[in-house]
Amino acid sequence: MKKFVLHSEYKPCGDQPQAIESLAQGIEDGFRTQVLLGVTGSGKTFTMANVIEKVQRPALVIAHNKTLAAQLCNEFREFFPENRVEFFVSYYDYYQPEAYIPRTDTYIEKELNINDEIDKLRHSATSALCERRDVIVVASVSCIYGLGAPTEYYKMSISLRPGMEMTRESLIERLVEIQYKRSDIDFIRGTFRVRGDIVEIFPASSSETTIRVEFFGDEIDRITENDLVTQKTRAELSHVAIFPASHYVIDSENKEQALNQIRSDMVDRFHEFEKEGKLIEAQRIKERVNYDVEMIKEVGYCSGIENYSRYFDGRAPGQPPYTLFDFFPEDFIVFVDESHITLPQVRGMYNGDKARKDNLVGYGFRLPAAYDNRPLKFDEFNERFSQMICLSATPADYELSLSDNTTEQLIRPTGLLDPVIEVKPIKGQIDEVLRLTDEVTKRGARTLITTLTKKMAESLTEYLRDNGKKVKYMHSDIYTLERVEIINGLRQGDFDILVGINLLREGLDLPEVELIIILDADKEGFLRSDTSLIQTIGRAARNDKGRVVMFADTITGSMQRAIEETRRRREIQNKYNEENGIVPKTIKKKIQNTLEITHKVVEKTSYKDILSEIEKLKGLMKVASASLDFERAIIIRDEISELKKKLDD
């Protein structure tokens, strides 16, 4: 069995060794909940990695958004290059859920845009958990949503070995059963093609390699893994497992049984509506369900098939759905990053989903079984694991009250101190903002400005731009991929000032930021609580000149607590620096697109190697464009441009 092996040029230092030892011992002692109170820049991810290596158990790391999850996944992949580090987030680039608004009699059809790359990564995660134990999955809170039964997923996988008795036709039938489509021309992920005695399969969990199965009569003669673009053989395989192209799969026998139960429940619901005099609703549910059943019978799928998942999974009404948690072995560990944000997010998912479905079920658009396609309730979430470690610079009372062991990690190995905090009056604050940002920009550093509303962020951005500043704003209306581009643009100096709201708090690693300006700091509330203020202040803790300016006319309780806690942490770090002769230096960190985590350009040194890599990438770009995956095509195009620059050099 392969073990977790941590690769890093750094060794644990500061208070990392005691945190690692304490948390690892807590796991061995069977503690259910532990808390790591770690300041920004103290190396919490490195501590997590060391704990995983020490206890040698599979791990699920939950983050509260895709951007942070991608950043964590990159870091874990660098720490564990020999092991499997997987990425599991919502595969929707755009998602408008199905809904009904009775007041205006408006039915909103479900609209979505699935990111094929992320879908592949989800399949990669579940298949890895089936095949080995040395697996770390970094996930967003989408991991609490229904996924299909793992027993069916694994049972329906196709195991192939050379010498195995199987006809070509039998393999084709099995592939169709697990929702692979035959496509001899448009060969994309989740399809297969047939050429004589050869069946080529493009696995759902891959984007660059295919599987070629060669037959000799009624026997598998040879299995190879091949490069998608060049078709060259990468390896000859003694075994391969082909996992289903969808997480919602069911064998033909169970399918017929499930469809019969769906019809039966539809008839019951139809009569319920008739008795209540709701004839429109009765007709609606009858037509909707009959259409869906016919679609599932003919093509194995229908729009909104997840609303029937209970029937396919064999679950009783009200029973929680299968989720990513069910694919893990029993002894896995859950790490909750930025737990003060992530856990409340998990807690709130169920009620929002139920409120939307009340109208869909009540007005005949869905059977009551739709309620069982849902995220986990918070108590169900807690039942899905035996041990959890919460990480945050500001852990909430909830996780602290549950904690069997709370460990502090307040010392940064870099020696960087928490920033100096100043409080300035609100009168004349915009003129002062201009002066402060001028000073920082002249030194080649960056500024973050936090506001309370989107409108204020946009208006301030426009004002600063009119005054000759290179500035952008960022809030929740901006797509995830664009947010990453904005953050990278700030870091590499495309502009000097970024204005935003709460998106500038947790998880963003911005060592180039020297100044943080907090407007309306005395407006007590969620965005100006002590927790939010400490998190915002932490964004300036990766720069040796880090500084925070709060604009306020009074010092609120939240401001006072945040200032005192920052001062306490600064004193601890300063003492450590003096004792060890450390001079704080700004962190130097490579700028990369943290959402593109599956394809890395191999470092090439010779002219011939670079040309070869460019040709390969051109092929991949064409494949991505043909699949309408234009985001991936753009990223590959940028990689080609970088390699061409190397050729010029």
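**Sheets and nonpolar cores of the predicted model**

Within the predicted model, V194 has V199 of β12 as its bridge partner. Strand β11 (residues 191-195) and strand β12 (residues 198-202) run antiparallel and are joined by five bridges. Both belong to an open sheet of six strands, ordered β10-β11-β12-β13-β14-β15, in which the pairing is mixed. Because β10 (181-182) and β15 (233-236) stand at the edges with a single partner strand each, one side of each is left without a neighbour in the sheet. Helix α6 (residues 168-177) lies across β10, β11, β12 and β13 (209-216), and runs at about 165 degrees to β11.

Another open sheet of six strands shows parallel pairing, in the order β20-β25-β24-β21-β23-β22. Strands β24 (residues 513-518) and β25 (residues 547-551) pair in the parallel sense over four bridges, with R547 of β25 as the bridge partner of L515. Helix α13 (residues 429-442) lies across β20, β21 (446-450), β23 (497-500), β24 and β25, at about 170 degrees to β25, whereas helix α17 (residues 557-580) lies across β20 and β25, at about 155 degrees to β20.

The largest nonpolar core comprises 36 residues, and those with the most contacts inside it include F76, I136 and V138. Helix α3 (residues 66-79) gives the most to this core, contributing seven residues. Beyond residues up to four places away in sequence, V138 touches V61, A69, L72, C73, F76, E86, F87 and F88. A second, separate core of 31 residues includes V141, C143, F243 and F325.

Key:
Residues are numbered from 1 along each chain as its sequence is written. This is a predicted model: local features need pLDDT of at least 70, side-chain atom pairs count only at pLDDT 80 or more; totals for chains, interfaces and linings use all residues. Side-chain values use heavy atoms; hydrogens and water are left out. A nonpolar core is a set of buried Ala, Val, Leu, Ile, Met, Phe, Trp, Tyr and Cys residues joined through side-chain atoms within 4.5 Å. Buried means under 20% relative accessible area, exposed over 50%, partly exposed in between (1.4 Å probe, protein chains only). Helices (H or I, at least four residues) and strands (E, at least two) are DSSP runs, numbered from the N terminus. Contact means heavy atoms within 4.5 Å. Two strands pair if DSSP finds at least two bridges between them. Axes are lines fitted to C-alpha atoms, for helices over the stretch in contact, and angles run from 0 to 180 degrees between N-to-C directions.
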